[in-house]
Amino acid sequence: MEPNVTKFDLIILGASGFTGKYVLKEALKFLNNNQSFSSFNSIAIAGRNPTKLAQTLIWASKPNPPPSLPILLADTTNPPSLRSLCSQTNLILNCVGPFRHHGDPVVAACVDSGCDYIDISGEPEFMERMEVSYHDRAVERGSLVVSGCGFDSVPAELGLLYNSLQWVGPSVVNRVEAYVSLESEKRIVGNFATYESAVLGVANASKLQQLRRSRPKRRPRPMIPGPSPTKGETIEHQKKIGLWAVMLPSADASVVRRTLSTLTEKPKGLPGSNESPEMVEKREAFWSSVKPAHFGVKIGSKSLLGILRITMIGIFIGLLGSTSFGRRLLLNFPSFFSLGLFRKNGPSNEEVESASFKMWFVGQGFNNENLASQVNAKPDMEIITRVTGPEVGYVSTPIILVQCALILLSQRNNLPKGGVYTPGIVFGPTDLQQRLQQNGISFDIISKNTISS
Ligand SMILES: NC(=O)c1ccc[n+]([C@@H]2O[C@H](COP(=O)([O-])OP(=O)(O)OC[C@H]3O[C@@H](n4cnc5c(N)ncnc54)[C@H](OP(=O)(O)O)[C@@H]3O)[C@@H](O)[C@H]2O)c1
């Protein structure tokens, strides 16, 4: 690009990937659509294979003819190509994963050039490593870096905030357990790269612990009224929402904890780079209404058999993922070891279109804050909320990523100048929830009840 030529609003890196192509399809809906706050003026796509990118553009534009988007060459193993991308745009949407392998050089290039970065990573070790490695420099350079702007971890982040906001004083929330349920009339299938990211996550679990231990300062923990929840049963039957459930070792709980930790450090949230007084008031009012809670995530199924199948996949990945021979087996035979949940060539269009998700948030707390401080206090109040939406990986994730991008571009002054942050702390006080509702991801209150211990 010539000097002084206006930069692209955004570049989608990895647009030729399984998720990238759906992200491009979603982003094209907002290209020059004449609504001032919901429009991209210019989009470019980038990756290592121009032919594949051109074919992707044709696929993503259907049934319309493809618009003439610039196709840029960039490879994550070639830092100058990434720096060149960053010099041409305000924002990179990174869809190249596993992020553990490919993400670091992209974040480094964005931070160095001062452009903004969002991605669809669901890998806690990568996210926390980026915060440790690049936060200070991102603040200095005015580059805003937000990982996890897909199904991992926005429904969890906004869903927890939504539940928390239903607890009106003097009531207080103590714990929120989220239950994810994936539904479909056809098979539920994910693409190989997500499975690979999960396998690599297990293989490198000790690196995340090392990283956390190596931080010079422990992150502050929020003050949560009442006792810490006990561990509970491995397989739970949640009768109220009709699900059997087991713990889901996804990124969600750790991302939410980081958001609550940042909020503990900065109870009024993160000031925008050039906020209006109205926005300052709105942001401070928002965060003062949020009450932190203990948070966990479980995966649910309507049948015990469904939950045993998920447990079996977890056992395979857990046992085999820690040795290189086991990993080779897992990665060579994804359909076998995931019992059909992941495939090398991903789901068909029909499988994507017929799938949906429900994420229930069962919040328990106290009718009155004073009760929470009593010895042996047991929650006496329950508020259940729910986030629902279309298929998680290739419909909801693109919707979320694209809405985060639209907010970043249209409301930049209201967001922190730079730094590496979680989606909740950056987008919580914005209109992201309303935007998601307008685009098919809803937030609902299901019930508010008194409970007996
Ligand atoms: N947050 C969520 O809920 C969510 C949802 C879906 C996916 N994901 C994550 O997104 C990531 C991608 O998943 P996917 O299924 O879309 O994977 P994929 O189909 O394998 O796509 C990977 C993309 O990365 C590109 N790429 C690979 N190596 C590259 C390199 N060295 N330089 C530049 N580009 C490179 C590929 O380019 P080529 O086309 O040239 O091979 C392709 O465009 C995974 O980590 C997955 O876990 C997260």
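Trainee: Is Leu339 buried or exposed?
Mentor: In this predicted model, Leu339 is found in the loop between helix 13 and strand 12 (342-343). Leu339 has 12 C-beta neighbours inside 10 Å, so the class is exposed.

Trainee: What is phi of Leu339 near?
Mentor: The value is positive, and Leu339 is a residue other than glycine. Phi of Leu339 is near 50 degrees.

Trainee: Where is Ser335, and which residues is Ser335 in contact with, leaving aside its neighbours within four places in sequence?
Mentor: The place of Ser335 is in helix 13. With 14 other C-beta atoms within 10 Å, Ser335 is partly exposed. Its C-alpha atom is 9.9 Å from that of Tyr195, although Ser335 and Tyr195 are 140 residues apart in sequence. With neighbours within four places left aside, the contacts of Ser335 are Gly340, Phe342 and Arg343.

Trainee: Is Phe333 buried or exposed?
Mentor: Phe333 sits in the loop between helix 12 and helix 13 (334-337). Its C-alpha atom is separated by 8.9 Å from that of Arg343, ten residues apart along the chain. Phe333 has 11 other C-beta atoms within 10 Å, so the class is exposed.

Trainee: Which residues does Gly190 touch, not counting residues up to four places away in sequence?
Mentor: Gly190 lies in strand 8 (residues 190-191), and its 23 C-beta neighbours inside 10 Å make it buried. Gly190 and Met359 are 169 residues apart in sequence, with 18 Å between their C-alpha atoms. Beyond four places in sequence, Gly190 touches Tyr195, Leu341, Phe342 and Gly393.

Trainee: How far apart are the end C-alpha atoms of helix 2?
Mentor: Helix 2 (residues 50-61) has twelve residues, and at 1.5 Å a residue it should span 16 Å. The model agrees with that expectation, as the end C-alpha atoms are 16 Å apart.

Trainee: Why do the buried residues of helix 2 fall on the same side, and over what arc?
Mentor: The buried residues in helix 2 include Leu53, Thr56, Leu57 and Ala60. They are on the same side of helix 2 because they cover an arc of only 105 degrees around the axis. An α-helix has 3.6 residues a turn, so residues three or four places apart point the same way. The arc asked for is 105 degrees.

Trainee: What covers the buried residues of helix 2?
Mentor: On the other side of helix 2, Thr51 and Ile58 are exposed. The cover over the buried residues includes helix 1 (18-28), strand 2 (43-47) and strand 3 (71-73).

Trainee: Where are the cis peptide bonds that involve Ser153 and Pro170?
Mentor: Ser153 is in the loop between strand 6 (144-146) and helix 6 (154-165), and Pro170 is in the loop between helix 6 and strand 7 (172-184). Omega is about 10 degrees for the bond of Ser153 and about 10 degrees for the bond of Pro170.

Trainee: How many residues along the chain separate Pro227 and His294, and what is the C-alpha separation?
Mentor: Pro227 is in the loop between helix 8 (205-214) and strand 9 (236-238). Pro227 counts as partly exposed because it has 16 C-beta neighbours inside 10 Å. Pro227 and His294 are 67 residues apart along the chain, and their C-alpha atoms are separated by 9.7 Å.

How values were computed: Residues are numbered from 1 along each chain as its sequence is written. This is a predicted model: local features need pLDDT of at least 70, side-chain atom pairs count only at pLDDT 80 or more; totals for chains, interfaces and linings use all residues. Helices (H or I, at least four residues) and strands (E, at least two) are DSSP runs, numbered from the N terminus. The expected span of a helix is 1.5 Å times one less than its number of residues. A residue is buried if 20 or more other C-beta atoms lie within 10 Å of its own, exposed if 12 or fewer, and partly exposed in between; C-beta atoms are placed from the backbone. The arc is that of the directions from the helix axis to the C-beta atoms. Two residues are in contact if their C-beta atoms, placed from the backbone, lie within 7 Å.
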